[in-house]
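Please keep the view open while you read.

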Amino acid sequence: VKFEGGKLPSSIGGLIHLRFLRLLNARISHLPSSIGNLKLLLYLDLRVAAEEPVHVPNVLKEMLELRCLSLPWFMHDKTKLELGDLVNLEHLWSFSTQHSSVTDLLRMTKLKGLSVSLSERYTFEALSSSLRQLPNLETVIFIYETYMVDYVGEFVLDFIHLKELGLRGRMSKIPDQHQFPPLLEHIDLVCCRIEEDPMPILERLLHLKSVKLGSDAFVGRKMLCSKGGFPQLCALEISEELELEEWIVEEGS
């Protein structure tokens, strides 16, 4: 739906018994502060289709029952959200280190799934050090800007419980085998523009069950899956690797 003036009506705050609110792809650029009245919400999806950055008032901290929160993809530069009291959250999507504090995450000890956008002022190394303290985290998606080309040296995700990993954004090469979570089962790469064949690294991650190479994940011309690699792989998805000319799969891979 497209709301007049891009504003969600303030009367939304009257629905005080609401448990589920999803605004996915709604045409909204401004959320009213009255949304903070929805204190019983369990699920809130704010991934709106805004034509401009979204204004989000700092009232989400009052929704203490939230289990799943999806923040807007693009928020106003001055937006600051305090989320540390949302200790019941199990899934938090589109968290940004530009708009919220990483220390808030450390209080979310029930967190199982997280997607996080890195701002210029926060390093990958510092973020991963903090996330390592979350005992139930199983799924993480990192989104980073094009200026963070050489972050690979900082990449160490030895989280013992991490099962799913997504990487969105440019990197010079794929990290080494020992830098990945030891029990990783699923990996999803998008827009990484990796120049070296990632398969020699990925095929040595012994617990991998699925690999997705999305748009521009790999910009090389040749890819090789060698004998004995990917011992548990069930699914491989390759899409929009426009430079790829040759793919060799050896017998036993």
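The points below walk through some of the charged side-chain pairs.

1. A word on the source. This is a predicted model, where local features need pLDDT of at least 70 and side-chain atom pairs count only at pLDDT 80 or more, while totals for chains, interfaces and linings use all residues. Residues are numbered from 1 along each chain as its sequence is written, and side-chain values use heavy atoms, leaving out hydrogens and water.

2. The count. Side chains of opposite charge can pair when their charged atoms come close. Taking a salt bridge as a side-chain nitrogen of Lys or Arg within 4 Å of a carboxyl oxygen of Asp or Glu, the model has 9 salt bridges.

3. A pair with a buried partner. Arg47 and Asp45 form a salt bridge at 2.7 Å, N to O. Asp45 has 0% relative accessibility and so counts as buried (buried is under 20% relative accessible area, exposed over 50%, partly exposed in between, with a 1.4 Å probe and protein chains only).

4. A pair across loops. Arg107 meets Asp85 in a salt bridge at 3.3 Å, N to O. Arg107 sits in the loop between helix H1 (102-105) and strand E5 (113-117), and Asp85 in the loop between strand E3 (68-70) and strand E4 (91-96), so the pair ties together parts 22 residues apart in sequence. Helices (H or I, at least four residues) and strands (E, at least two) are DSSP runs, numbered from the N terminus. Arg107 is partly exposed at 45%, and Asp85 is partly exposed at 40%.
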